[in-house]
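Subject: Structure handover

Hello,

Here is the structure for your set. My notes follow below it.

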Amino acid sequence: MTDLPTPYQFQLRAELSARYHQQRRRVLLRRARLSQYLSLALSMGMVAAVLQQAPLALQLGLPFAVGLLTLADTVVCFTAQAYLHEALKRRYQALQARGHQADSMPADLWRELLEIEADEPPVLRAAVDLCDNELLIAHGHAPAHQIAWP
């Protein structure tokens, strides 16, 4: 650990990580809410009555899709993951605030950054690229990554 980053590089890395975890939390909570809304809506008898007039593919497909989404929420635990990302975001923001107070790059801040990164779940490369583009734009630079939407 002889080559410590400059304070500016450290700040950018911490800011990017905080932004990434904020974005992941938003996505995971959105998925959890969607699963809950669909489960509630389709568990009502009124929806079943409306679906009697719908094509067979919709009658079978909609409950099947809700079941898959509910299973995914149960297995992946969108809400629990969202809170993990919230905790990581807060740790990065606290580290970033401490870095703003330092005139040079102390080794303990760098070590703490690496410890937080070790606690992270596997990153989604597309989400990192998206957040990096947002950060570059916020700092007055051009986006560096092409984001392909499916």
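Val-27 is buried, at a relative accessible area of 15%. Buried here means under 20% relative accessible area, with exposed over 50% and partly exposed in between (1.4 Å probe, protein chains only). Val-27 sits in helix H1, residues 7-43. Its C-alpha lies 8.1 Å from that of Ala-82, a residue 55 positions away along the chain.

Ground rules: this is a predicted model, where local features need pLDDT of at least 70, side-chain atom pairs count only at pLDDT 80 or more, and totals for chains, interfaces and linings use all residues. Residues are numbered from 1 along each chain as its sequence is written, and side-chain values use heavy atoms, leaving out hydrogens and water.

The fold: the protein chain has six helices and zero strands. Helices (H or I, at least four residues) and strands (E, at least two) are DSSP runs, numbered from the N terminus. The order along the sequence is α-α-α-α-α-α.

Helix H3 covers residues 56-76, 21 residues in total. Its first and last C-alpha atoms are 30 Å apart, close to the 30 Å expected at 1.5 Å a residue. That expected span is 1.5 Å times one less than the number of residues.

Chain totals: of the 150 residues in the protein chain, 28% are buried. Take contacts (heavy atoms within 4.5 Å) with a separation of 6 or more: 75% of them join residues 24 or more positions apart. The accessible surface is about 9600 Å², with 62% belonging to carbon and sulfur atoms. Areas come from the Shrake-Rupley method with a 1.4 Å probe; for residues, only the protein chains shown count as cover.

Best regards
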